[in-house]
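Here is a short briefing to read alongside the model. Have the viewer open and follow the topics in order.

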Amino acid sequence: MTDTEIKTEPVTSSVWAAVDYRRKRPSLSAMLKLPGSWGIMVGGIITLIFIIVAVLAPVLAPHDPYKQTLQHRLLPPAWVRGGDPSYLLGTDALGRDILSRLIYGSQISLLVGVSAVVGAGVLGVVLGILSAYRGGWFDSIVQRITEFFQAFPFLLLGITVMAFLGQSVGNIIVVLILTRWVQFARVVRAQVLTLRHREYVEAAGTMGAGSLRTMVRHVLPNVLAPIIVIATFSLATAILGEASLSFLGVGVPPEVPTWGSMLSASQQYIYTDSWLSLWPGLVLFLLVIAVNLFGDGLRDLNDPKLRGRR
Amino acid sequence: MGWYILRRLAIAIPTMLVIVTAVFLLVRAIPGNPVLMMVPDDATPQQIADVTHRLGLDQPIWVQYGKFLVNAVHLNFGESTRYRVSVSSLIAQKLPATIELGVVAAVIALVIGLVLGTLAGRFRNSWIDRVSSVLGLFGISAPTFWIGMLLIIYVGGATGWFPTGGRLPGDLSGPGPTGLLIVDTIIHGDIAGLGIVLQHLFLPALTLGLAMSGMLVRMTRSSIIEVAGDDYVRTARAKGAPEFRVLARHTFRNAMLPVVTVFGMEVASLLSGSMIVETVFAWPGMGSMLITAVTARDYPLIQGSILLFSLIFIVCNLLVDISYALIDPRIRY
């Protein structure tokens, strides 16, 4: 059987209902009466810019993000009186360049976010498929576990694991995978349950395709659209999650520049040097809102209920 | 109804057991010997052996597990290695602050979410609808700690009206007996005190409430729009019911069901958010205590706090489920 014969079909509305309770939430572009692709375009472009900045960090950063020059500590942004043009956004309490630290911070945010989403996606898809195919006790155990992880407060789980396993980038990714795989598993399970008795899936089995081949070649392509949408929402949540843990001081080790730990360190100077608190929050907010806009747009594009409504 | 609550309780107990077991195992998964963190650096092997024996760490693991379970049921989590007092007394001291913050934040979130969401749904595409949609996206995408810091800079610092740290001015302590300062000041008839308490509470509760309200605004709006097209709403209007009555009695009540579900899901984010808000505003509650305990590697205190947070979480979920059944008469017990 060649690739062109693999059948794909629109994802059913019931699966979209399971994607996220946010499905019901109208997207921003719909509310502001903007064209549907607006969110995908703007969100996508901003996200892309962040990715480029992260990759090119060593080239783009004007200073070494770790280098401390104490005579230049707590400089305001360049355009404010007392600012230094070579430190565009100013410096922190140890005289490190804020812009450079923001640029390097995007590496951690994206690295942690993307790794967590890929890990959670693989774990969730595999467990979702197994759950739907095996059924019985395996299915019910996986269902109970997903219910638990879906409801349990993320930060509590995060702090618990980090408190006992110690702070490292790897452990943060583990925590985020633990909390994000559930959505993938639920949606994939729901979709596989509706697809597995379709004629073309059964036909593949009749023609001698093993269950693994049937899954990968015939069922998986049909689950791909919701997986991609969940992945974007999960990316936004994972980026916020990493920042929250780092802000609380239980995330990435303190010497690594991250937006969360920059915000945490800025608290001491919140009244005197408030720009320290402004920049990291602003870039974090911008990235998360861009990823969310992108996800909203993708979801609306794929949702048969919304298609053609606008 | 009684049976329904019992059945839900029956589900909650194994969940709690799983959490207790997980915490027990995690403590044992700590790399290195936990005893070495509790004794001074120059402790003799004899002292180390004594502490190991006192903590029961020289016993077989299932004996340790059994004792841990029995102690957890009695809310006995041992002694904090940092403060040298029992974990349960520390928790009892900090818990009211967290409860007060959480409840007031939930009320703020509900008021913002329901009022703005209902107006946005009723007057679609008006300016209030746009405001609510922007607020909704902001609430979902802006990190809670950043909202808090912005409020500290631009509201607390700029106006000077609202203190940005602690529950009371440094030299005061709560009058008791409940530890919930709003309740206590009202009991004592202390109006000036109540004012001070509310001033301190305003910014932290607003931060937490704003973070929660984003989802509620969006959910209420779409739910109101969905219900507004239903037959019974048209019937009410055809009968000549005034617009306010149509909105309040017929639309709003029926639109509340999905909103309650979302509110229930947001309880988890309320707990997560409280840890962040307490850290930002130096709020002396369970959340900031847990973070301090983690930094100080105070394992008995970490254990106790995590288990208590989990218990609060399970109880809240139970309450949400019960209220759901109360609101929707179609749910059978």
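H7(B) has 16 residues, and from first C-alpha to last it reaches 21 Å, close to the 22 Å expected at 1.5 Å a residue. That expected span is 1.5 Å times one less than the number of residues, and helices here are DSSP runs of H or I with at least four residues, while strands are runs of E with at least two, all numbered from the N terminus. Do keep in mind that this is a predicted model, in which local features need pLDDT of at least 70, side-chain atom pairs count only at pLDDT 80 or more, and totals for chains, interfaces and linings use all residues. Residues are numbered from 1 along each chain as its sequence is written, with chains lettered from A and ligands numbered from 1 in the order in which they are written.

**Helix H7 of chain B**

- H7(B) bends by about 35° at B:Ile152; the bend is the angle between axes fitted to the seven residues ending there and the seven starting there.
- Buried residues of H7(B) include B:Phe145, B:Trp146, B:Leu151, B:Ile152 and B:Gly156. Buried means that 20 or more other C-beta atoms lie within 10 Å of a residue's own, exposed means 12 or fewer, and partly exposed is in between, with C-beta atoms placed from the backbone.
- The cover over these buried residues includes H10, helix H11 (259-266) and helix H12 (275-302) of chain A, together with H9 and H11 of chain B.
- After H7(B) comes B:Gly160, with a positive phi near 75°.

**Where the chains meet**

- In the interface, 39 residues of chain B are in contact with 36 residues of chain A, contact being C-beta atoms, placed from the backbone, within 7 Å.
- Several helices of chain B each supply at least two residues to the side that touches chain A, among them helix H1 (2-29), helix H6 (127-141) and helix H13 (299-327).
- H11(B) gives the largest share of that side, eight residues.
- By type, the side of chain B that touches chain A has 27 nonpolar, nine polar and three charged residues. Here Ala, Val, Leu, Ile, Met, Phe, Trp, Tyr, Cys and Pro count as nonpolar, Asp, Glu, Lys and Arg as charged, and the others, Gly among them, as polar.

**Nonpolar cores**

- The largest nonpolar core has 140 residues, of which A:Phe184, B:Leu216 and B:Leu290 touch the most other members. Such a core is a set of buried Ala, Val, Leu, Ile, Met, Phe, Trp, Tyr and Cys residues joined through C-beta atoms within 7 Å.
- Helix H10 (residues 211-247) of chain A contributes the largest share of this core, 17 residues.
- A second, separate core of eight residues includes A:Leu89, A:Ile98, A:Leu99 and A:Leu102.
- Neighbours within four places in sequence aside, B:Leu290 is in contact with A:Ile159, B:Met275, B:Ile302 and B:Ser305.

**Chain A overall**

- Chain A has 12 helices and zero strands.
- Of the 310 residues in chain A, 47% are buried.
- Among contacts in chain A between residues at least 6 apart in sequence, 73% join residues at least 24 apart.
- A:Asp84 sits in the loop between helix H4 (57-60) and helix H5 (98-134) of chain A, and touches A:His72, A:Leu75 and A:Ala78, not counting residues up to four places away in sequence.
- A:Asp84 and A:His72 are 12 residues apart in sequence and 8.9 Å apart in space, C-alpha to C-alpha.

**Positive phi in chain B**

- Most residues other than glycine have a negative phi.
- B:Asn125, in the loop between helix H5 (87-122) and H6 of chain B, has a positive phi near 70°. B:Asn125 is exposed, because 11 other C-beta atoms lie within 10 Å.
- B:Ala282, in the loop between H11 and H12 of chain B, has a positive phi near 45°. B:Ala282 counts as partly exposed, because it has 14 C-beta neighbours inside 10 Å.

**Confidence**

- Chain B averages a pLDDT of 83, and 95% of the residues score at least 70; pLDDT is the predictor's confidence in each residue, from 0 to 100.
- Within chain B, confidence is lowest in helix H2 (residues 34-38), at a mean of 71, and highest in H5(B), at 90.
- Where pLDDT is low, the predicted coordinates should not be read in detail.
- For the complex, the predictor gives an ipTM of 0.80 and a pTM of 0.82.

Definitions and conventions:
Contact = placed C-beta atoms within 7 Å.
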